[in-house]
Amino acid sequence: DEAARQAAFDAAVAADERIEPRDWMPDAYRASLVRQMAQHAHSEIIGMQPEANWITRAPSLRRKAILMAKVQDEAGHGLYLYSAAETLGTSREELLDKLHAGRQRYSSIFNYPTLTWADVGAIGWLVDGAAITNQVPLCRCSYGPYARAMVRICKEESFHQRQGYELLLALSRGTPAQHAMAQDAVDRWWWPSLMMFGPPDEESGHSAQSMAWKIKRHSNDELRRRFIEISGPQADALGLTLPTGEIDWDEFKEVLKGNGPCNEQRIAQRRRAHEEGAWVRDAAVAYAAKHGEGKPS
Ligand code: ACO
């Protein structure tokens, strides 16, 4: 009965066992996972936009090839995460519809513009660095498919972080104008990167329950602190400085409400890409039907 199933679930979570798709789970656990995993998947694909903005203007063939590979990786991460979310009974189509209708979120960070080439470096170093800090503990998340998706994603994110660091190092050691461009990018991306970890613990409505379920392993502030500690020595090695002061939480709230610098642009571009890709999905469905493979996910 329900009580026995709940007890078995609680015992599995307490013993650090993985919850798998066919296991019984509380409805609220399933709903919270769908919420977080969908938000995560959406972030990966919306996150392709700010960097793709620089593919045609990369300063060398080598940089262009690296950036294209990176942006493709983000699409791949989105696919792993939508697939992982499907194991909870939600289709990719349904999640994308919710994103396009503004009913599900994506990370605040992707609502900022990429103004110079150095932003590609700052995104790799800081944004992907923050993403790794947040996601490495998710490899131990209680939900099996999410945890396993995170293992590969984190490996690829480490490569992304290093390419950003290496790009910034090259600029920092370049001409005074290049150094200034790198510093300006870091000045602009630092605060939004700290906001990626979510609101302060006392305002984080989901944290207590998510930590009890072992979806989250650390609080927002704990991970934010860890990231700040790691970043200091890295900034020194880069010859760049990190801004000092306080996080502007009003800015975070505005971005979440849809009033960030690029919110409208990002969602409009996403909807357009989806509409323009309709013929590809139709062709895939027709192909699968012809070859008796059923409807592709
Ligand atoms: N951007 C947008 N929304 C956010 C952000 C953010 N940076 N941080 C928190 N929120 C939202 C939450 O989704 C929640 O809103 P909701 O109730 O409407 O869903 C609200 O703010 C309150 O936050 P919390 O209670 O702290 O939410 P939660 O416990 O889910 O913690 C966190 C937020 C840390 C982002 C968590 O969801 C998480 O670890 N997600 C997985 C990682 C991820 O999504 N990364 C995406 C960016 S990295 C990348 O794509 C490269």
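Modeller: Phe9, Trp24, Tyr29 and Trp213 form one aromatic cluster. Keep in mind that this is a predicted model.

Biologist: How many aromatic pairs does the count give?

Modeller: The count comes to nine aromatic pairs. Take Tyr29 and Trp213: their ring centres are 5.5 Å apart and their planes sit at 85 degrees, so this pair is edge-to-face.

Biologist: Where do Tyr29 and Trp213 lie?

Modeller: Tyr29 is in helix α2, and Trp213 is in the loop between α9 (207-212) and α10 (220-238). The pair therefore ties together parts that are 184 residues apart in sequence.

Biologist: Tyr29 and Trp213: buried or exposed?

Modeller: Both Tyr29 and Trp213 are buried. Tyr112 and Trp189 also form an edge-to-face aromatic pair, with 6.4 Å centre to centre and 65 degrees between the planes.

Biologist: Which parts does the pair of Tyr112 and Trp189 tie together?

Modeller: Tyr112 belongs to the loop between α5 (92-100) and α6, while Trp189 belongs to helix α8 (residues 176-195). That pair ties together parts that are 77 residues apart in sequence. Both Tyr112 and Trp189 are buried.

Biologist: What lies over the face of Trp54?

Modeller: Arg57 does, at 3.9 Å from the ring centre of Trp54.

Biologist: New topic, the ligand. How many residues surround the ligand, and which are the closest?

Modeller: The ligand is surrounded by 29 residues. The closest are Gln39, Ser108, Ser204, His206 and Lys216.

Biologist: How do the residues of that shell divide into nonpolar, polar and charged?

Modeller: The shell around the ligand has 11 nonpolar residues, 13 polar and five charged.

Biologist: Which helices each supply at least two residues of the shell?

Modeller: Those are α2 (27-46), α6 (118-135), α7 (144-172) and α11 (249-256). The largest share comes from α2, with six residues.

Biologist: What about polar atoms? Which side chains have an N or O atom by a ligand oxygen?

Modeller: Arg35 is one of them: a side-chain N or O atom of Arg35 is 3.1 Å from an oxygen atom of the ligand. For Asn134, a side-chain N or O atom is 2.9 Å from a ligand oxygen.

Biologist: And the backbone of Met196? What lies 3.3 Å from a backbone N or O atom there?

Modeller: A nitrogen atom of the ligand.

Biologist: What percentage of the ligand's area does the protein bury?

Modeller: The protein buries 89%. Taken alone, the ligand exposes 960 Å².

Biologist: Back to Ser108. Where does Ser108 lie?

Modeller: Ser108 lies in the loop between α5 and α6. Its relative accessible area is 7%, so Ser108 is buried.

Biologist: Last topic, backbone angles. What is phi of Asp16?

Modeller: Phi of Asp16 is positive, about 60 degrees, although Asp16 is not a glycine. Asp16 is found in the loop between α1 (2-14) and α2.

Biologist: How about Lys214? What is phi there?

Modeller: Lys214 has phi near 60 degrees, a positive value in a residue other than glycine. Lys214 is found in the loop between α9 and α10.

Key
Residues are numbered from 1 along each chain as its sequence is written. This is a predicted model: local features need pLDDT of at least 70, side-chain atom pairs count only at pLDDT 80 or more; totals for chains, interfaces and linings use all residues. Side-chain values use heavy atoms; hydrogens and water are left out. A residue is near a molecule or strand if one of its heavy atoms lies within 4 Å of it. A polar contact is a pair of N or O atoms within 3.5 Å; within protein, one must be able to donate a hydrogen and the other to accept it, and residues adjacent in sequence count only if both atoms are side-chain atoms. Accessible areas come from the Shrake-Rupley method with a 1.4 Å probe; for residues, only the protein chains shown count as cover. Helices (H or I, at least four residues) and strands (E, at least two) are DSSP runs, numbered from the N terminus. Ala, Val, Leu, Ile, Met, Phe, Trp, Tyr, Cys and Pro count as nonpolar, Asp, Glu, Lys and Arg as charged, and the others, Gly among them, as polar. Rings of Phe, Tyr and Trp (its six-membered ring) pair if their centres lie within 6.5 Å; planes under 30 degrees apart count as stacked, over 60 as edge-to-face and the rest as tilted. Buried means under 20% relative accessible area, exposed over 50%, partly exposed in between (1.4 Å probe, protein chains only). A charge sits over a ring if NZ of Lys or CZ of Arg is within 6 Å of the ring centre and within 35 degrees of the ring normal.
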